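User: Please take a close look at one part of this model, the place where the two chains meet, and then at what lies around it.

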There are 2 protein chains.
Amino acid sequence: MAKNLNYVFLLDCYGELLTERQQQIAELYYNEDFSLSEIAEMQNITRQAVRDSLRHSENILSQTEEKLGMAKRISQMRFCLEQIVKNSESEQIAELARNGLALL
Amino acid sequence: MAKNLNYVFLLDCYGELLTERQQQIAELYYNEDFSLSEIAEMQNITRQAVRDSLRHSENILSQTEEKLGMAKRISQMRFCLEQIVKNSESEQIAELARNGLALL
């Protein structure tokens, strides 16, 4: 099972749509870098149950992104605001852009 | 049934999470300003069925916003970018901010 790092970002955007248990498992796998076997032991479930939970969560995250596209827009917005911070000669404008980045 | 205009914005953010039928009814009510009775006639269903569909859609939209908070963040981001467009003395920076607004 190859770890697709796109899910780190999708989990950040849409993780709250998962159940608490699904979130826990996905966080351990994607954000804390534990292996399937380690998570299975921590959660007292089988390695296959961890894999099934991750697959199910990944489907929910991908389908939500297909419908809403928020993750893609947030990524484009981040680039846009970073460009403003980098290129602005006005400290007031750079501060506004940094405030915008903090919202993402 | 009072029309809550917050749903116009939530429908714009999360409408794709509704079924096609729910979207149609919500669009007619919130974006095209038809009455419950008019929508019932157009969709060949009862006025009560229109009302139930809208209530159900509103619950989905509100619950998704409670979990993700994207609508609130988009609204804050819009304000932030509008301030940059308004206050920037550089045309290049204003253009970057307008590009950002187009993503919202």
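Analyst: Chain B and chain A bury about 2300 Å² between them, and 79% of that is on carbon and sulfur atoms. Buried area here is the accessible area (1.4 Å probe) that two parts lose on being put together, summed over both. On the side of chain B that touches chain A, the elements giving two or more residues are H1, H4, helix H5 (70-87) and helix H6 (91-103) of chain B. Helices are DSSP runs (H or I, at least four residues), numbered from the N terminus. H5(B) gives the largest share of that side, 10 residues. By type, the residues on this side of chain B are 15 nonpolar, 7 polar and 3 charged. In this count Ala, Val, Leu, Ile, Met, Phe, Trp, Tyr, Cys and Pro are nonpolar, Asp, Glu, Lys and Arg are charged, and the others, Gly among them, are polar.

The model is a predicted one: local features need pLDDT of at least 70, side-chain atom pairs count only at pLDDT 80 or more, and totals for chains, interfaces and linings use all residues. Residues are numbered from 1 along each chain as its sequence is written, chains are lettered from A and ligands numbered from 1 in the order in which they are written, and side-chain values use heavy atoms, with hydrogens and water left out.

In terms of contact (heavy atoms within 4.5 Å), 25 residues of chain B meet 25 residues of chain A.

Next comes a helix of chain B. Helix H2 (residues 20-31) has 12 residues and reaches 15 Å from its first C-alpha to its last, close to the 16 Å expected at 1.5 Å a residue. That expected span is 1.5 Å times one less than the number of residues. The buried residues of H2(B) include B:Gln22, B:Ile25 and B:Leu28; buried means under 20% relative accessible area, exposed over 50%, and partly exposed in between (1.4 Å probe, protein chains only). The buried residues of H2(B) pack against helix H1 (6-14), helix H3 (36-43) and helix H4 (47-68) of chain B.

B:Ser57 lies in helix H4 of chain B and is buried, at 2% relative accessibility. Apart from neighbours within four places in sequence, B:Ser57 is in contact with B:Leu18 and B:Gln22. B:Thr19, in the loop between H1 and H2 of chain B, is partly exposed, with a relative accessible area of 43%.
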